[in-house]
Amino acid sequence: MNEEEKPQLIATKIWKCKNAECKAWVREEFAEAGEQACPICKGPMHRSMRHLPKVQNKIKSQPRKKKGEFDF
């Protein structure tokens, strides 16, 4: 993989599990507001930073399907 193919990393705010044995973390933009509970061990989490690839979180608008209409 050359330099052009590597994603650009940006400093990203995350919530990280305080339990040293648990490796769970969540991007702050995808977390609920307020104090966080670990999605894996249910323990407390704290804010931290990681260098991660930028994500595009736009939802593309698609026409809604009518009841009973399926893609096959």
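Buried means under 20% relative accessible area. Q36 has 14% relative accessibility, so Q36 counts as buried. This is a predicted model. Three strands form an open sheet here. The structure holds zero disulfides, and a search of the whole structure finds one salt bridge.

**The sheet**
- The strand order is β2-β1-β3, and the pairing is antiparallel.
- β2 and β3 stand at the edges of the sheet. Each has a single partner strand, so one side of each is left without a neighbour in the sheet.
- From one strand to the next, the twist averages 40 degrees.
- Strand β1 covers residues 9-17 and pairs with β2 over three bridges, in the antiparallel sense.
- I14 has R27 in β2 as its bridge partner.

**Q36 and its surroundings**
- Q36 is found in the loop between β2 (25-27) and β3 (45-53).
- Beyond its neighbours within four places in sequence, Q36 is in contact with W15, A31, G43, P44 and M45.
- The side chain of Q36 also reaches the backbone oxygen of E32, at 2.3 Å.
- H46 is 10 residues from Q36 in sequence; in space, the two are 7.6 Å apart, C-alpha to C-alpha.

**Cysteines**
- A disulfide needs a pair of cysteine sulfur atoms within 2.5 Å. The structure holds zero disulfides.
- C38 is in no disulfide. The nearest cysteine sulfur to C38 is that of C22, 3.6 Å away. This distance is not within the 2.5 Å cut-off, so the pair does not count as a disulfide.
- C38 has 1% relative accessibility, so C38 counts as buried.
- C41 is in no disulfide either. For C41, the nearest cysteine sulfur is that of C17, 3.5 Å away.
- C41 has 33% relative accessibility and counts as partly exposed.

**The salt bridge**
- Side chains of opposite charge can pair when their charged atoms come close.
- R47 forms a salt bridge with E28. The closest N and O atoms of the pair are 3.2 Å apart.
- The pair links distant parts of the chain. R47 lies in strand β3, while E28 lies in the loop between β2 and β3, and the two are 19 residues apart.
- R47 is exposed, because its relative accessibility is 56% and the cut-off for exposed is over 50%.
- E28 has a relative accessible area of 26%, so E28 is partly exposed.

Technical notes: Residues numbered from 1 in each chain as written. Predicted model: local features only at pLDDT ≥ 70, side-chain atom pairs only at ≥ 80, totals over all residues. Heavy atoms only, no water. Helix = DSSP H or I, 4+ residues; strand = E, 2+ residues; numbered from the N terminus. Buried < 20%, exposed > 50% of the residue type's maximum accessible area, 1.4 Å probe, protein only. Contact = heavy atoms within 4.5 Å. Polar contact = N/O pair within 3.5 Å; in protein donor to acceptor, adjacent residues only side chain to side chain. Pairing = 2+ DSSP bridges. Axes fitted to C-alpha atoms, helices over the stretch in contact; angles between N-to-C directions. Salt bridge = Lys/Arg side-chain N within 4 Å of Asp/Glu carboxyl O.
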